[in-house]
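Here are my notes on this one, point by point. Have the model open while you read.

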Amino acid sequence: MLGGIFLKFSVGYQLFGDSDFLDSIIKYKDDIYEVYFSFGDFPNGRNSQLNQKGMLPWEAQSKQNEDLKRLSLENIALNLLFNATCYGKDSLSRAFFEKVGDAVDFIKTAFGLKSVTTTSPVIAAFIKNNFEGIDVRASVNMCIGSIEGMEYVKDAFDSFYLKRELNRDFSEIKKLKAWCDSNGKTLYALANSGCLNNCSAHTFHDNLVSHEGEISAMDNGFVFEGVCRKYLKNRDNLSKILEYTSFIRPEDVYLYEGLFPALKLATRVNEKPAKILEAYIEKKRFTGSALALLEPNHTGAIYPYFLENSDIKATLREDKLIYENIDDALIKLEEDIYVKA
């Protein structure tokens, strides 16, 4: 621990019919920096919260409002997402920004709003010019990984998410943090992304997600699940999975204390988000599929192989966190018995 600073976690809101996940967030509220969420039918970096099985859209919105109110009463800070990579024809429209303003004003008044995370420098400037006291944060989807990248948009943003690919490079993190400290900015990082580093199709995939409402209404001739799943299904590529990913294991979070005020946990689409909180916040370790802690979760994509988190070896080398021991960590499932791959 550096200077007595205690690292907290930013947790993604996921709408459920019950309150189990919300209960988990509140259970760990002393370690929760904020809860981030999309709202209404705004495009965002994940699926719409309003498209829930067993719920009509108005029921889903009502349930989300109830959940946000409960979080607010527990004094848990809220972070609103406008993190789609594309807003199409609405990107600069007056009507769209009136809608953004109405949403921010409603949430701020009804529940309190600490911060907004966005991919759009125009939305960022709009929030800064029209709402006081809201931290405006550059989304991880902007892939900002250099001082130049922050310089270009420093007038629009108060804080930045680190480019995923730099998660294990402490020398680069320290450079960017030093710039942020000198310029009154704050740096954050996403701990458990399942995306492959430098993915060639990342922007294309994010744009599909941004337009999922329109796309789902079409007679589509193709299904796109991401190039990552196809890549990892190839047994020859599994030896590269630790090198080609950016996730930080629960066991290694302590290395980042003093570098960020909070690490972001992706929990908006994971099937068992409470397990992620338990691993990172309570136990600070995890036995099981390392990929099950991530979004996207590639556990099924690599079956019958299995990446055992507790067998991954973490080493600090030249100010970089290196994950090794793939030969022992990668096992094969045969008749429900683990055997080495």
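1. Start with helix H4, residues 121–130: Ile-123, Ala-124 and Ile-127 are buried there (under 20% relative accessible area, with exposed meaning over 50%, partly exposed in between, 1.4 Å probe, protein chains only). They sit on the same side of H4, because they cover an arc of only 105° around the axis, taken from the directions from the helix axis to the C-beta atoms. Helices here are DSSP runs (H or I, at least four residues), as are strands (E, at least two), numbered from the N terminus.

2. What covers those buried H4 residues? The cover includes strand S3 (78–82), helix H3 (94–110), strand S4 (115–118) and strand S5 (135–138), with contact meaning heavy atoms within 4.5 Å.

3. A word on provenance: this is a predicted model, where local features need pLDDT of at least 70 and side-chain atom pairs count only at pLDDT 80 or more, while totals for chains, interfaces and linings use all residues. Residues are numbered from 1 along each chain as its sequence is written, and side-chain values use heavy atoms, leaving out hydrogens and water.

4. Now the cysteines: the whole structure has zero disulfides (a disulfide being a pair of cysteine sulfur atoms within 2.5 Å). For Cys-143, the closest cysteine sulfur is in Cys-195, 9.2 Å away and too far for a bond. Cys-199 is in no disulfide either, the nearest cysteine sulfur being that of Cys-228 at 6.3 Å. Cys-143 is partly exposed at 34% relative accessible area, and Cys-199 is partly exposed at 25%.
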